[in-house]
Amino acid sequence: MQLDHFKFFSANLTNTCMLRCKMCHFWKIAPEAQQTLPLDVWRSTVAGLAPCVNPGFPIILAGGEPLLVPDLSRYVAAATAQGFSVSIATNGYLLDERAIEQLIDAGTRAFCLSLDSLDPSLHDELRGRPDCHGRVLRAISLIKRHNPATAVSLQTIIMDATLPGLLDLTRWALDEPTVDSIYFQVVTQTFATPLVPHWQDSPEHAWLWPRDLRAALFALDHLIELSPHRKLTNSIPQFQTYKAFLSDPRHFALPTSCSIHRAGIHLDHNGELLNCHLFPRLGNVREASIPELLTSETYHRNVERILACRVNCHSMINCYFIDP
Ligand code: SF4
Ligand code: SF4
């Protein structure tokens with residue numbers, strides 16, 4: 001079975017994190033519920049997937065925080081040995097010189113680093129620990145010193161607190177030689193919290209939502225103007241979808257149905273394959289191959305649910321967005 005029509009395979013190797021982000025509560029997961037995908041399960045997963053895709057198919061290792069996974073470089077090496085192109089999505093906090101050397105030498109092609117502001121105090125406040133900002137900047141220069149060909153991509157959340165500095169951060173990223181690209185996500189409900197309808201109005205999450213809609217739309221229009229720039233990863237349709245979402249969050253932001261079932265293959269820290277976090281898991285890679293899980297009855301039932309879904313969720317609007 002060929003699976004090249006998917007854009008990437010993302011694996012959340014762990015559901016733990018050492019930061020205390022205000023917009024994500026992975027770090028509140030109780031110790032007894034914290035889990036990491038075992039290396040042997042990962043090895044057999046990538047070995048089973050490799051014949052279904054062309055060499056160089058992208059794998060994104062994420063979490064929680066993937067740098068908390070013991071021997072992460074061996075996960076990278078296992079995927080690289082099967083011909084995959086591996087990126088790591090990380091908050092950067094644990095990316096010291098030794099970790100960077102190990103991960104690059106194991107075959108990591110790219111690091112996607114969270115950076116929400118040029119202002120260290122704002123970034124650190126949002127991320128809940130001192131020196132997060134400094135560590136990200138140090139990690140960028142260490143990555144490029146170890147291997148200039150390893151890509152550095154920034155990920156920035158558009159939310160009320162980051163809006164005033166958004167365009168300065170963009171200009172810096174576009175001019176900075178050590179940064180290869182920048183990708184914006186629009187704010188959605190705090191991660192790892194139970195979904196609530198109209199979260200923008202709820203006392204717990206409302207502070208995230210841009211209060212100044214005109215400023216948000218102005219910033220997005222500016223990003224659209226800049227978007228021919230090779231370093232700006234979002235497409236114009238995605239920025240336009242962000243505008244629609246911010247203008248009327250109660251209205252489904254896509255002009256078409258959600259297409260997450262076509263965007264990526266997603267594995268969680270338990271080894272469960274899923275096409276949408278809201279609907280039943282497709283099954284566990286310990287018990288069935290990825291091609292079997294992607295042709296199962298649950299998969300087809302989920303596709304029907306996905307096509308009918310009208311939730312403006314993080315996955316649809318950000319990471320798994322496909323141009324309509
Ligand atoms: S957003 Fe990332 S860094 Fe922050 S708590 Fe969640 S997983 Fe950790
Ligand atoms: S919009 Fe979100 S919740 Fe609905 S099917 Fe798509 S990914 Fe799932």
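**A walk from Cys-132 through the model**

Okay, let's start at one residue: Cys-132 sits in helix H5. When I say helix or strand, I mean a DSSP run, with at least four residues for helices (H or I) and at least two for strands (E), numbered from the N terminus. Before going on, please keep in mind that this is a predicted model: local features need pLDDT of at least 70, side-chain atom pairs count only at pLDDT 80 or more, and totals for chains, interfaces and linings use all residues. Residues are numbered from 1 along each chain as its sequence is written, while chains are lettered from A and ligands numbered from 1 in the order in which they are written.

So, back to Cys-132: is it buried or exposed? Cys-132 is buried, because 24 other C-beta atoms lie within 10 Å. The rule is that 20 or more other C-beta atoms within 10 Å of a residue's own makes it buried, 12 or fewer makes it exposed, and anything in between is partly exposed, with C-beta atoms placed from the backbone. Which residues does Cys-132 touch, once we skip those up to four places away in sequence? They are Leu-19, Asn-91, Tyr-93, His-123, Asp-124 and Arg-127. Touching, or contact, means C-beta atoms, placed from the backbone, within 7 Å. Look at Tyr-93 in particular: it is 39 residues from Cys-132 along the chain, yet their C-alpha atoms are separated by 5.8 Å.

Leaving out neighbours within four places in sequence, Leu-220 is in contact with Phe-239, Tyr-242 and Lys-243. Phe-239 is 19 residues away in sequence and 6.5 Å away in space, C-alpha to C-alpha.

Now the core. The largest nonpolar core has 86 residues, and Leu-61, Tyr-75 and Leu-113 touch the most other members. A nonpolar core here is a set of buried Ala, Val, Leu, Ile, Met, Phe, Trp, Tyr and Cys residues joined through C-beta atoms within 7 Å. Tyr-75, apart from neighbours within four places in sequence, contacts Leu-13, Leu-39, Trp-42, Leu-61 and Val-69.

Trp-42 takes us to helix H1, residues 39-49, where the buried residues are Trp-42, Thr-45, Val-46 and Leu-49. Down the axis of H1, these buried residues fall within an arc of 90 degrees, so they line one face of the helix. That arc is taken from the directions from the helix axis to the C-beta atoms. What do the buried residues of H1 pack against? Strand E1 (8-12), helix H2 (72-81), strand E7 (264-267) and helix H10 (290-293).

Those strands belong to an open sheet of 9 strands, in the order E6-E5-E4-E3-E2-E1-E7-E8-E9, with mixed pairing. At the edges are strand E6 (181-186) and strand E9 (283-284), each pairing on one side only. Two strands pair if DSSP finds at least two bridges between them. E1 and E2 run parallel over 4 bridges, with Ala-11 opposite Leu-61 in E2. E7 and E8 (residues 272-274) are antiparallel, joined by 2 bridges, and His-266 stands opposite Leu-274 in E8. As for E2 (residues 58-62), 4 of its 5 residues are buried, so it is largely enclosed by the rest of the structure.

Most residues other than glycine have a negative phi, and most peptide bonds are trans. Gly-63 and Gly-64 are joined by a cis peptide bond, with omega about 20 degrees. Gly-64 is in the loop between E2 and H2, and Asp-71 is found in that loop between E2 and H2 too. Asp-71 is not a glycine, but its phi is positive, near 60 degrees.

Last stop, the ligands. Around ligand 1 we find residues including Cys-17, Gly-63, Gly-64 and Asn-91; near means a C-beta atom, placed from the backbone, within 6 Å. That shell has 7 nonpolar, 3 polar and 1 charged. Ligand 2 has Cys-258, Cys-276, Cys-309 and Cys-313 among its neighbours, and its shell has 9 nonpolar, 1 polar and no charged. For the sorting, Ala, Val, Leu, Ile, Met, Phe, Trp, Tyr, Cys and Pro count as nonpolar, Asp, Glu, Lys and Arg as charged, and the others, Gly among them, as polar.

Terms used
Contact = placed C-beta atoms within 7 Å.
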